[in-house]
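Subject: Model handover

Hello,

Here is the model we spoke about. My notes on strand pairing and aromatic contacts follow below it.

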Amino acid sequence: MTTLPEPILRPALVADAPAIVALIDDLMPFLTLHPDGAGAEKFIEHCRQPAIEGYLSQSRYAYQLAYIDGALAGVVAMRDNTHLFHMFVPRALHRRGMARRLWQAARDASLAKGDVTAFTVNSSMYALPLYESLGFVATGPKVEEGGIAFVPMRMELTA
C-alpha cells in the first residue's frame with residue numbers, strides 16, 4: 001500500500017455537516033450491533049445532520065477535517081478538550097495511518113489549549129485495536145446499550 005500524502009487539516013464549519021454525516025453514514029455498520037442499525041435509532045439520530053450541526057455550533061466541540069487531494073480523508077472531534085468524541089476515516093483509508101494523524105492533530109490542539117491530564121474515548125469494537133495502539137487503555141468492560149457496543153478507554157498523560 002502506498003504511503004498517504006500529508007493531509008491538509010482545517011477546523012470544521014457548520015456548513016461541513018453534510019459531508020461529515022455522509023462519512024459517518026457509510027461507516028454506520030461498523031458502529032451498530034446490527035448492520036441495519038436496528039435498536040440504535042437514538043445513536044443514529046445523534047449522527048444526523050441536525051445533531052452534527054448542533055455540535056459544530058458549540059464551543060465545547062472542536063472538529064477538524066482532513067483532506068487529501070481535495071477529498072475528505074477524515075474527521076476528528078474533541079469534546080470539552082479531553083474526550084475524543086468523533087473520529088471517522090473513509091473505508092478506503094482504513095489501516096493506512098489516517099486515524100493516527102487525525103488523533104495527533106486533535107491531541108496537539110487540546111494540549112495547546114492546556115489543562116489536560118488525560119484523554120478519554122468510547123471505542124467501537126472495530127476501532128479498539130487502533131485506540132490501544134495509540135496508548136488508550138480500557139477502563140471497564142464492553143458496554144452494550146442502545147444498539148451499539150463500546151469500550152470506555154483512557155489515556156493518562158505523564159509529566
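A crossover is right-handed if, with the strands pointing away from the viewer, the path from the first strand over the helix to the second runs clockwise. Strand 4 (residues 83-88), helix 4 (residues 98-113) and strand 5 (residues 118-124) make a right-handed β-α-β unit. Helices (H or I, at least four residues) and strands (E, at least two) are DSSP runs, numbered from the N terminus.

This is a predicted model, in which local features need pLDDT of at least 70 and side-chain atom pairs 80 or more, while totals for chains, interfaces and linings use all residues. Residues are numbered from 1 along each chain as its sequence is written, and side-chain values use heavy atoms, without hydrogens and water.

His-86 in strand 4 is the bridge partner of Ala-77. Six of the six residues of strand 4 are buried (under 20% relative accessible area; exposed is over 50%, partly exposed in between; 1.4 Å probe, protein chains only).

The whole structure holds seven aromatic pairs (Phe, Tyr and Trp, the last by its six-membered ring, with centres within 6.5 Å; planes under 30 degrees apart are stacked, over 60 edge-to-face, the rest tilted). The ring centres of Phe-30 and Tyr-126 are 4.3 Å apart with planes at 45°, so this pair is tilted. Ring pairs also link Trp-103, Phe-119, Tyr-131 and Phe-136 into a cluster.

Regards

Definitions and conventions: Pairing = 2+ DSSP bridges.
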